Every structure is written in structure tokens, then in C-alpha cells.
Amino acid sequence: RRALTTPTTKMVKLGWETYSFGADVFGATAFLLTLVGSARCDFIKFTSVDGTFTDHFGVWRYGQWAFLSNGQQAWLYEGCFPYADSVVIDSKWKAARAFDAIVLIGGLLFFMISAFSACLGKRTYTRPNGIVGVCLLLLSLFSGLTLLVLDSNLCKNNVLLGELMQQFVFNNDQCELSTGANCFISATVFWFAAALCSLSASRSKSEENDEVEGGLTES
């Protein structure tokens, strides 16, 4: 009789360069999503009671509409405009803006470090993946904290609804997530994934150095 042999599976071990590349990809995606979410003026939205109209507001700007009536009634979207000084920005709204700015600055720095590392080559310049991973975790946290705006005047006591859209009736304490907020939620996930990749690269690099040192000691 032939002895039965069970197939063995060999676990593939990824190198630290692969993890580092993954951090670059996830980080760049998160930065672009943050940039788009910050630039847009549709972080949240309000839908009229009759469901015929939806108005949008961003963390930094809001969408401006104009009503035209020349025989046929129509709405014309004029674009994004900054909030007037008369708009009361409470502490949670200010905190959301601060976290947004921190994520943008931190993301830009990470993008520059990644580009610098790619130009020189990872063998020539090895960035401190452990420190970068911790920073990326903080960016993920700050990106999520931008959602504090959902508990601010922008969402729960939006006085602009009555001023801008007098033709419609809104519940000014019932806002919904829109495209900008979804960009930030996605960016939070990608920042976290980039952090995990960067921390894994640091651990893999350390294990690789230990193996090299161990081989030199044995020889």
C-alpha cells in the first residue's frame, strides 16, 4: 500500500517593501479622499419635508442656489461659497475644521515623504515606518473626528435653511450624510489600512535585520 500524504501549504511571507508600498497606496488614496471631501460643499444635506428639494452644506463652504422664474420655474446651482461672518460657528464645528486641517497637513507631509522615499529608493532611504504608522493612526482618528460636525450648529440648528430656501420647509435638526462625509469615512478606513501596513513594514524590517544579524553571528 502507498502511504497517504497530506499536501502541505507554505505560508508566503511578505517583505517590508511590500507593506511599505501598501502604506503608500492606501495613504495616497486617503489623502485624495480627504482633499475631495474638504473641497466639496456637500458634507451634509437637508431634504425638504415634501421631498422635492435637497440642500447641501460643507465644513468650509455651502452650496448656493438661485431661483429663476421666467415663465417656467427653475433652480440654478451657482456653486460653493464660504460662510458669512454672521454665521455662528460653534465649538464642535470649529473642532471639525481643526481636525480636517490637521489631516490635510499630515496627509501632505506623508505624501511628500512617500515621494521622497520613492525617488531615492527604499534601499537607499528607509523611512521610520514605526513612527509613520503611529502618525497614520492619529490621522485616521482625526479624520473620523471630523464627523463632530454632525453634532454642531451646521447639522442641528442650521439657520441658513430658512434664509436661503424660503420656498421650502425643512427640518433644520435632521441632516443626513452626503458625498463629502462619505469621502471622510472612506478616508478614515484608508488611513487606518495605511497605518497597519506601515507598522507591519516596521516589524518585517526588524525581523529581516534580526535574521541577517543572526546569520552573521553563526558564520
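**Close-up views of a predicted protein model**

**Figure 1. A salt bridge links D151 and K92.** In this predicted model, D151 and K92 form a salt bridge whose closest N and O atoms are 2.2 Å apart. D151 belongs to the loop between α3 and α4 (153-156), whereas K92 belongs to helix α2 (residues 91-120), so the pair ties together parts that are 59 residues apart in sequence. D151 has a relative accessibility of 32% and therefore counts as partly exposed. K92, also at 32% relative accessibility, is likewise partly exposed.

**Figure 2. K92, D151 and K156 belong to one network of salt bridges.** The partners of D151 include K156, and the closest N and O atoms of this salt bridge lie 2.4 Å apart. K156 has a relative accessible area of 47% and is partly exposed. Through shared partners, the salt bridges join K92, D151 and K156 into one network.

**Figure 3. R40 and D42 form a salt bridge.** The structure holds three salt bridges, one of which pairs R40 with D42. In this pair, the closest N and O atoms are separated by 2.8 Å. R40 is partly exposed, its relative accessible area being 34%. D42, by contrast, has 9% relative accessibility and counts as buried, because residues under 20% are classed in this way.

**Figure 4. Helix α3 has its buried residues along one face.** Helix α3 covers residues 129-145, a run of 17 residues. From its first C-alpha to its last, the helix reaches 24 Å, which is close to the 24 Å expected at 1.5 Å a residue. The buried residues of α3 are N129, V132, G133, L136, L139, S140 and S143. Viewed down the axis of α3, these buried residues fall within an arc of 115°, so they line one face of the helix. In general, an α-helix has 3.6 residues a turn, so residues three or four places apart point the same way.

**Figure 5. L160 is a buried residue of helix α5.** L160 is found in helix α5, which comprises residues 160-164. The relative accessibility of L160 is 9%, and the residue therefore counts as buried. L160 and Y83 are 77 residues apart along the chain, and their C-alpha atoms are separated by 9.7 Å.

**Figure 6. The whole protein chain gives the context for the close-up views.** The protein chain contains six helices and five strands. Along the sequence, these elements follow the pattern α-β-β-β-β-α-α-α-α-β-α. The chain has 219 residues, of which 36% count as buried. Among the contacts between residues at least 6 apart in sequence, 71% join residues at least 24 apart. The protein chain exposes about 13000 Å², and carbon and sulfur atoms supply 62% of this area.

Methods. Residues are numbered from 1 along each chain as its sequence is written. This is a predicted model: local features need pLDDT of at least 70, side-chain atom pairs count only at pLDDT 80 or more; totals for chains, interfaces and linings use all residues. Side-chain values use heavy atoms; hydrogens and water are left out. Helices (H or I, at least four residues) and strands (E, at least two) are DSSP runs, numbered from the N terminus. Buried means under 20% relative accessible area, exposed over 50%, partly exposed in between (1.4 Å probe, protein chains only). Contact means heavy atoms within 4.5 Å. Accessible areas come from the Shrake-Rupley method with a 1.4 Å probe; for residues, only the protein chains shown count as cover. The expected span of a helix is 1.5 Å times one less than its number of residues. The arc is that of the directions from the helix axis to the C-beta atoms. A salt bridge is a side-chain nitrogen of Lys or Arg within 4 Å of a carboxyl oxygen of Asp or Glu.
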